[in-house]
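Visitor: Please pick one part of this structure and take me through it closely. I would like to see what it packs against and how its neighbours are held.

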Amino acid sequence: MKDLFWQLVLYSFLGFALEVAFARATGAKKRDRKCMLLLPLCPVYGLGAAAILHLPALFSDRPLKLFLWGALAATAVEYLVDFLYEKLLRVRFWDYSRLPGNVNGRVCLPFSLAWGLLALGLKNWLHPRLAPLLEAIPWGWTLLTAAAVALDTVLTVRILRDTGSTDSLRWYLNILPDRFGRKNAARRYR
């Protein structure tokens, strides 16, 4: 259970970092890609990674199988997460409706293929190197981190349900000065 928790947290954080890097590389308007109120986590990545890591060996014993089943598993997670965000919290973090092979704007072929590539790197390279580090994390840190994630999840869900907007997670833009020292930098992002 501890290992699964740390997989979710670590890969949610790495997914957040990947999202930020992708947004900056592509010149996206919304560059911070926050999914939680306080913590730098994108849960869809943690859930997608966990789905890939827990595929039965029958589906992941060869690179092509891992690519296909990893892409399918992570795409299913992505669809379900977006569906739940929309139906339960009345928000959408992404919309792929303009991309080829999309299904209800929730998933699309280009990002499903990206999930397949990420599955190969995750299972064959990244996770084997990080798993021993995750196992070595003391239970005290696990409990403290679990409490922080749980608190942030409750706050995030409440704010998203109340506002119906993912922009509400970007609270810091209203209190931090922009690079020229002006307050209320949030106007640049709307």
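Guide: In this predicted model, the buried residues of helix α2 pack against α1 (2-26), α4 and α5. Those buried residues are V44, Y45, G46, G48, A49, A50, I52 and L53. Helix α2 spans residues 43-53, and eight of its eleven residues are buried, leaving the helix mostly covered.

Two of these partners also pack on each other. Helix α4 (residues 63-89) meets helix α5 (residues 109-135) at an angle of about 120°, with the axes 7 Å apart; the two are therefore oblique to each other. The crossing of α4 past α5 is right-handed. On the α4 side the contact uses P63, L66, F67, G70, A71, A74, T75 and E78, and on the α5 side S112, L113, W115, G116, L117, A119, L120, K123 and N124. By class, that contact holds ten nonpolar, five polar and two charged residues.

Further along α4 come the charged pairs. D82 and R92 form a salt bridge, at 2.9 Å from N to O. Since D82 is in α4 and R92 is in the loop between α4 and α5, the pair ties together parts ten residues apart in sequence. D82 counts as buried because its relative accessibility is 0%, while R92, at 30%, counts as partly exposed. R92 also forms a salt bridge with E86, where the closest N and O atoms are 4.0 Å apart. E86 in turn meets R106 in a salt bridge of 2.9 Å, N to O; this pair links helix α4 to the loop between α4 and α5 across 20 residues. R106 is buried, at 6% relative accessible area. Together, D82, E86, R92 and R106 are linked in a network of salt bridges.

How values were computed. Residues numbered from 1 in each chain as written. Predicted model: local features only at pLDDT ≥ 70, side-chain atom pairs only at ≥ 80, totals over all residues. Heavy atoms only, no water. Axes fitted to C-alpha atoms, helices over the stretch in contact; angles between N-to-C directions. Helix = DSSP H or I, 4+ residues; strand = E, 2+ residues; numbered from the N terminus. Parallel < 35°, antiparallel > 145°, perpendicular 65-115°, else oblique. Left-handed = near helix turned anticlockwise from the far one by under 90°. Contact = heavy atoms within 4.5 Å. Nonpolar A, V, L, I, M, F, W, Y, C, P; charged D, E, K, R; others polar. Buried < 20%, exposed > 50% of the residue type's maximum accessible area, 1.4 Å probe, protein only. Salt bridge = Lys/Arg side-chain N within 4 Å of Asp/Glu carboxyl O.
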